[in-house]
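Welcome! Please take a look at the sequence and the model below before reading on.

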Amino acid sequence: MAWIEPKTDWTDADHVTYQDMNRIMGNINYLLPSADLKDDYTQNDFVKAAEWAALLSAMSILAQSMLLSLQVPGNEMTSSTFNDVESITALLKERQDLIFAQEVATIYAGDGWRSAEPAENYVRGI
Amino acid sequence: MSRIDIENAKRIRTPFEVYAGFASRTETDLTFTATTVAAADSDIDTSLDGDGWAMRNLTDLQGGGFSLDGTAKLYDPTLTASSDNGKVGIRTNIGAGVDISINAAAQIAAVTIAIAKGQGTITANGTNYAIRRLVVIPVNSTSINISFANSLPGERIEISSITPGIVLDFNASNIINCTLGLRSDLSFKPTWQVSDIEIQAYYPDDLSEAISNVGDYAPIWYYAGYPEDYSPIRYFYLSEPAQMENGIITLKGEDASSLLEAKNNISQVIASKAGNGRATLYNRFLKFITDAGVKLINQESAPANTSGTTDYTLIIEEVSSRDAVADIMNLAHNGSFWPTYVDAGIPTAYHTKPQPKWDIYEADCGDVVRVVDRNIGKIATDNEEGLHSNVTRSTTLQTLEAFDIVYNQVYSLSPEGWWWYLAVTKGKNILATADSIMWTATTGTGTRQVNVNGQIVEQKVDQSIVTGKACILTVENQAIVETNKRPGTTLEVDPIARGKIYGGTTKLYPNYAYLFDRSNITGSLKTKGDPRWQPRDIFNFHRLDGTVEQCTMQDITLVHEGGGTYADITYRKGIC
């Protein structure tokens, strides 16, 4: 599934549709295909507790693999939770892009992944 | 100011929203089998006929999806229904229906299906019913198959409960007439008055057979008001068989105080001291009510004790709770101590003197009638134990009678006078009152030979010996006259209580002198009505001449009819 830009301006007045869930789950599948999260929700579906737990688990695996220390969101269905989920997803994507970029570039001093701030890493030729 | 007060202040107020309903749920256990649905409780046999649990707001993606206000919960198919978790019920696929087979542990007259969401048709036994919030399906069997057809392609049908019995709810759209008779008796010789409700409402399905078999005491509830400002819910209980004729259901119910009549209390001696008299009388007053089966919704706690140590004794003869409660309210209202029980669907007991709660303007009323009776000048009784009396408790244990007994036979004795301690030997299941004792013999009387001064004589053994300590009663007066010897009528009464209870130096009960302070002015009026009013509520009556009288509501007939509301009130001047 293609990457879709996350929505990070959720408010408590908003409603989560099946398209939103497909984006959220699909983006994590994009970053971690082995997560195999459900990303084909329809209006007939409910978001199940097990599916949400799988999402949070996949986010945690991704963060650990990128040496990121992140607070994984909880189970409360609030705008805060969804902003956290999608902001973290965006950060993971940014981090993964950087790592992929570094893998194809000449890495200055060979330690480009040591900073959490992408701008601090020096990458040549990209 | 509340919305109801704001509307009442208008010359033409917005019509009340009136809600009433009826629940005749039986305890028969139901089991369910449903065709494929989108979501259901894992313990559906428990959850679906448990109508006390709220529906869980799930992360449902139908329509516009679920809200992020924090109320939606992730759907966990393994989570069982409970009061904490709520329940899922049965939720169909969008646009789809469901078939449910219901089996009952015993034959049931009907089931009531509560639908949280959805539109369409229910079919059962070849009859179609439109899906509404509550749908009653006649069964008259131990099983039934029910099909739900969904008429909204993009939405689910959400079934929150299927319960055995009949549950109906009514509102302004189907209520033809709802009349409440909220009653008390503020006269000088009051009897307890039961309040009632009568509802006539349209109902689209024929329930005439199922509804006629509903037993007495099924609850009827009622409230009215405006969004976010409704009157407290009143509960009445079916007093006559429900009827359905020409599509109109008629329900008649009485408040819980009707139970007072059925409760007969044994004659009893109540010992108190000057310091605990108020609490003792109030607690006994509450016991007369609750022992009859009334569950008080609002209850003021008993007054605090003081240090007075003088002993007082009160005897109340064998009497129904109805008469005891009415008598205590009639003869103990004085000062700030005002033991009162009001039901009218909201069983409430308090002891603090009430203050005005409402304002009624004569200019807004119709049919205002004012009646001035002759004052009472004298209160008298022909009861030989007097109008008022003193009772002291003897500490001497007397032997009253010996009974030859047969094992397991029942015996009784009603000795002359009043007794605060009656006991018996060789007895079980002993019921001792203030003027009698009843027991079951635990052995049989026999004889034995004993040597008395060298002679063998025969003696009885294993008799039941009744002993007791007497209450010594002295008459204080047979009649009293008003302090200023005002002219007036003589009120003949028949006291149910002997002796007295004091609170400090105040004679609390029975005190017939308090009746001289009760106003002889009564009246009636017609007004807009308010669903919050209760009998015995105090109101400021703003007269046309500018004066304001404090009055006590006696009876309120509150009528919702044709979209409007009015009330007929009878009252007595003063705080009664």
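## About the model

This is a predicted model, in which local features need pLDDT of at least 70 and side-chain atom pairs count only at pLDDT 80 or more, while totals for chains, interfaces and linings use all residues. Residues are numbered from 1 along each chain as its sequence is written, chains are lettered from A and ligands numbered from 1 in the order in which they are written, and side-chain values use heavy atoms, with hydrogens and water left out.

## The form of chain B

Let us begin with chain B as a whole. Its secondary structure comes to 6 helices and 45 strands; helices (H or I, at least four residues) and strands (E, at least two) are DSSP runs, numbered from the N terminus. The C-alpha trace of chain B spans about 100 × 85 × 45 Å along its principal axes.

The radius of gyration of chain B is 31 Å, whereas a compact globule of 576 residues would have one near 25 Å. That radius is taken over C-alpha atoms, and the globule rule is 2.2 Å times the number of residues to the power 0.38.

## Where the two chains meet

At the interface, 24 residues of chain B are in contact with 24 residues of chain A, contact being heavy atoms within 4.5 Å. Together the two chains bury about 2,000 Å², 65% of it on carbon and sulfur atoms. Buried area is the accessible area (1.4 Å probe) that two parts lose on being put together, summed over both. On the chain B side, Leu61(B), Leu68(B) and Leu74(B) lose the most area to chain A, together 42% of what that side buries.

Which kinds of interaction are counted here? The rule finds 13 residue pairs in polar contact across the interface, both residues at pLDDT 80 or more. A polar contact is a pair of N or O atoms within 3.5 Å; within protein, one must be able to donate a hydrogen and the other to accept it, and residues adjacent in sequence count only if both atoms are side-chain atoms. The count of salt bridges between chain B and chain A is 0, a salt bridge being a side-chain nitrogen of Lys or Arg within 4 Å of a carboxyl oxygen of Asp or Glu. Strands also link the chains: strand 1 (residues 15–16) of chain A and strand 4 (residues 66–67) of chain B run antiparallel, joined by 2 bridges. There, His15(A) stands opposite Ser67(B). Two strands pair if DSSP finds at least two bridges between them.

## Strand 36 and its partners

Within chain B, strand 36 (residues 464–477) is joined to strand 28 (residues 388–393) by 6 bridges, and the two run antiparallel. In this pairing Asn390(B) stands opposite Thr474(B).

Strand 29 (residues 398–403) also pairs with strand 36 in the antiparallel sense, over 5 bridges, and Ala402(B) faces Ile465(B) as its opposite residue. Strand 31 (residues 418–424) is another antiparallel partner of strand 36, over 6 bridges; here Trp419(B) has Ala470(B) as its bridge partner.

Strand 44 (residues 548–561) of chain B pairs with strand 11 (residues 175–182) in the antiparallel sense over 6 bridges, with Leu180(B) and Leu558(B) as bridge partners. Strand 43 (residues 538–542) is joined to strand 44 by 5 bridges, again antiparallel. The hairpin of strands 43 and 44 has 5 residues between the strands, and Gly546(B) takes a positive phi near 95 degrees there.

Strand 44 and strand 45 (residues 564–573) pair in the antiparallel sense over 10 bridges, and His560(B) stands opposite Thr565(B). Their hairpin has 2 residues between the strands, and Gly562(B) takes a positive phi near 55 degrees in it.

## Local details

Which bond joins Tyr509(B) and Pro510(B)? A cis peptide bond joins them, with omega about -10 degrees. Pro510(B) is placed in the loop between strand 41 (506–509) and strand 42 (521–527) of chain B. Lys426(B), a residue other than glycine, has a positive phi near 55 degrees and lies in the loop between strand 31 and strand 32 (427–432) of chain B.

Over all chains the count comes to 30 salt bridges. One of the pairs is Asp20(A) with Arg23(A), whose side chains meet at 3.1 Å, N to O. Both residues lie in helix 1 (residues 18–31) of chain A, 3 residues apart, about one turn of the helix.
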